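Have a look at this one with me. The notes below go through a helix, some charged pairs and a pocket.

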Amino acid sequence: MKTLFDLFLSFLKIGFFSFGGTTMIPVINDEVLVHGWMTADEVMDIVAVAEMTPGSLGINCATFVGLRTAGILGALSASLAVMMPSLTLCMLAAHFIMKLKGNQIMEHAMMGVRPVSMGMLLAVAVTLSQSTFAMTGLNGGLVIQWNLVLIAVICGFLLFKVKLSIPKTILVAAILGIFIG
């Protein structure tokens with residue numbers, strides 16, 4: 001029981017004092033080594049596996065460390081703890097947004113947030129498109145990789161018009177990538 005509590009406290013601290021992603025690695029490393037749950041090599045192996053698996057690095061590391069240290073209950077304890085700061089902030093924000101629903105100031109603020117959010121999403125899409133679909137040519141100019149654009153258009157069509165599931169669309173993209181990528 002003490003190990004579960006120690007896992008919870010350690011990963012709660014990691015959740016509160018790191019900013020997600022790779023910033024968590026040194027904190028996770030320190031916590032795991034201080035408690036003697038793993039060696040430095042094992043922690044790096046856990047981080048490598050956590051990077052390869054889908055999901056957040058922090059949650060994946062917490063799950064793997066907890067599982068290795070105290071089994072299923074350890075994985076649950078560590079994962080819940082690392083998510084607790086984000087969950088708490090989201091629940092507080094949702095509470096206040098619901099409490100202020102109908103408030104004119106809040107409504108005007110949210111009307112401003114929507115276009116800003118769309119602009120940010122568009123900026124990410126443009127940036128990712130540039131790095132995905134364009135490459136630097138021999139003369140230093142950008143060259144559009146039309147084969148990758150074609151794959152994206154086909155996958156977009158399959159997702160939005162045919163309503164193909166995401167895993168199946170990823171499989172189609174992989175197959176198309178092998179043949180025309």
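## Ground rules

This is a predicted model, where local features need pLDDT of at least 70, side-chain atom pairs count only at pLDDT 80 or more, and totals for chains, interfaces and linings use all residues. Numbering runs from 1 along each chain as its sequence is written, and side-chain values use heavy atoms, with hydrogens and water left out.

## Helix α1

Helices here are DSSP runs (H or I, at least four residues), numbered from the N terminus.

Among the buried residues of α1 are L4, L7, F11 and I14. Buried means under 20% relative accessible area, exposed over 50%, and partly exposed in between (1.4 Å probe, protein chains only). Their cover includes α2 (24-35) and α4 (57-99).

## Salt bridges

There are 3 salt bridges in the structure (a side-chain nitrogen of Lys or Arg within 4 Å of a carboxyl oxygen of Asp or Glu). One joins E31 and K13 at 2.6 Å, N to O. E31 sits in α2 and K13 in α1, so this pair ties together parts 18 residues apart in sequence. E31 is buried at 11%, whereas K13 is partly exposed at 38%.

E42 pairs with R68, with the closest N and O atoms 2.4 Å apart.

## The pocket

A125, L128, S129, T132 and F133 line the largest pocket. By class, that lining has 3 nonpolar, 2 polar and no charged residues. On a 1 Å grid over the protein atoms alone, a pocket is an open set of points where a 1.4 Å probe fits, with protein on both sides within 12 Å along at least five of seven lines; lining residues have an atom within 4 Å of a point. Ala, Val, Leu, Ile, Met, Phe, Trp, Tyr, Cys and Pro count as nonpolar, Asp, Glu, Lys and Arg as charged, and the others, Gly among them, as polar.

Notes
Helix = DSSP H or I, 4+ residues; strand = E, 2+ residues; numbered from the N terminus. Contact = heavy atoms within 4.5 Å.
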